[in-house]
Amino acid sequence: MTLKSKEAVAVAINLICAKTFLMVPVYFKRLTESGSLITVLYVFTLAAVFLLIYLLSGKIKIPKFLYPIIAILMVLVCSINLFEYSTTVSALFFRTTPLFIIFLFFTLAMIIGAYSNIGKLNLFFVPVIYITVFLMLLFTFSDGNYYYLFPVLGKGFDAVFSDGFFMLSSLFEVIILFFIPDMLEDKKDVKKVTAYTLIFSFIIYLIITAGCLITVHTDLPENCFSPLFLILRQIKIGTYFQHPDTAFLIIYFLSAFLYLSGILYFASHILSKTWRKLSKKMLIIPFGLLILILGVNGENLMPATSYLNKALWIVPFIFPIFARRSFK
Amino acid sequence: MKKILLFLIIFSSVFLTSCFDSKEVDNMVYVVAIGTDKEETGQYIYTFQYALPLNISKGSSGDGEPLQCETVKDTNIYSAIDNMSRIISKEITLSHLKLIAFSQDIAFDGLEKFKPEILSDVEILPSACVVITKGTAEDYLKNVSSPLELNPAKYYNFAFDEKNSPFIEAFYLKNFFEKSDYVLPLVYAEDKKADTDGGIMFKDHKQISCLTAEEIPYLKLLSGTLNNFTIDLTGQGFSAVVTQQKKPFIKVDKDNLNVYITLYLTKEIHGNPPNDADNMINNKIRNKCLNIIRKAQSQEADILNIKAAFRPHFLTLDQFESFNFYQKYPEIYFDIKVRS
């Protein structure tokens, strides 16, 4: 399957930004306590610098023996996020529904999504998701206190750069940008796709993290599952629109659906490139079931998660430097 | 794409139409207000005021009250809810909760203990109002009535809407996130008549002082939540309706510890005003506002969240923390300008 440049941008944006619905904005907030700009700038500057190297040095070819490792990492990350998505939905909306049914439901959605045309799906739904989020944030920004974006350097350069370094792991999905060029309909659009993806992702992270800072000033409660939900719940438009929870449920589900199916699709795609006999479609169901099994045991994966959070940054930011470069 | 659409249709029909995991309205009790009083044994008395939908639907022709109260003694709100469910044999929902009332005994002890309890329940909307009751919260909830509005949830919406009355500085549950120093409305109800009587000033979630009903409009002016109110200068032969145009502008001079607050107002003067009527109104507003600020300064309660206005003047949080705002807060010189 090939992707048009707009579709590729939508797919990449969703994979990078879907975690804004989970706890990532809270981690950014805790890292700085203020100065959302410095955190997001920091993370994306590094990403942009690396991608600039990539663009300048020509097409980096990741050696094929690394493909299975990347696919396995993707499956692992996907199952951790499946666990987070399911537990969040369960805690916020379906408290009496057995958790396994929610897992099963997400897995089903993920597999169906991966078999479908993910390009068109993302192109249609990603703008809907983020425009809705921005519109909802607009209503909360009016009550927000902008002073909480300051002091502008937050906890200071040292703290942000040393503690925040490992936070790059939460942007593991940036790795998709290395695999999208192969799937592009027009290979000349690589730079355009990369640039647009980074700019839009940066804006989305910036606005959501800023919203988190100016609306929820003190530290979030321990049982907070999604800061975006907490922010959006504060919307009150007149007497009749007091429960924005339903709108949130729909965009949350859509975002989770696109993210999970996207990762499953790319994990299958990457592994299928290793052996010719394996086709992408053959791998989707086994990978989907593997993700379900790992996701259901998500609590047992928590020790692994803490290690992954410390190590995953290597993959998108350092890994390709050691890869073989082919200059044209 | 067809598969996805099919999946979405199935998803929405199963999950969003409440066929699965459904809750019957008849089986639920909708709590609209919760009152908390302190008991000598260390337990709390929780009063749940819930709606009686049948009496509401009968309208004014119905004989019964639209609200009913039940009281439970317990150590925390969750076990109190469990006990209540047992007593009234229906599932309790807090999704329509509009009011959380605490008695003054609890206000003196501090509301911090209740903060995680009420904030952690996802059912409770962040727009629920928090008030302090003169006397017990139980008495207030049993005596409060809404002759003009049978729907109790709507009544609380109107009664505690900060735009409706200049004498209520509404405090919503969501404000607990950002403030530890604030002013809560003081309410009371006698013989089925409910009213407010100024506000209670809190520092670190503990009651420290009171504000009179007359001071509340000026506090609202400072916090930028006032719609309009009438300043009575009948002694001078006129009165003025003051409307707040936009939120006050706060300028901070960090080095000299000066804070300049500019209020943006429009005035409509009635009666026979003297030539300097405008100045007289401005002076009255300025003096009243400064009195409130001085009262708060004397108690070290940063009710206007001036601390936040100092934040942009520092580069890092360490610098901001080492500034030690609360130590300097009583020494800050406030200047208020009124712009029409």
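Colleague: Buried means under 20% relative accessible area, exposed over 50%, partly exposed in between (1.4 Å probe, protein chains only). So what percentage of chain B's residues count as buried?

Modeller: Of its 340 residues, 51% do. This is a predicted model, where local features need pLDDT of at least 70 and side-chain atom pairs pLDDT 80 or more, while totals for chains, interfaces and linings use all residues. Residues are numbered from 1 along each chain as written, chains are lettered from A and ligands numbered from 1 in written order, and side-chain values use heavy atoms, without hydrogens or water.

Colleague: How many helices and strands does chain B have?

Modeller: Twelve helices and 13 strands, taken as DSSP runs numbered from the N terminus (helices H or I, at least four residues; strands E, at least two).

Colleague: And its contacts?

Modeller: Among chain B contacts with a separation of 6 or more, 64% are between residues 24 or more positions apart; contact means heavy atoms within 4.5 Å.

Colleague: What about the accessible surface of chain B?

Modeller: About 16,000 Å², with 49% belonging to carbon and sulfur atoms (Shrake-Rupley, 1.4 Å probe; for residues, only the protein chains shown count as cover).

Colleague: Switching to chain A, where is A:Ser90?

Modeller: A:Ser90 sits in helix α4, residues 67-92.

Colleague: Is A:Ser90 buried or exposed?

Modeller: Buried, because its relative accessible area is 13%.

Colleague: Which residues does A:Ser90 touch, not counting those up to four places away in sequence?

Modeller: A:Arg95, A:Leu99 and A:Ile102.
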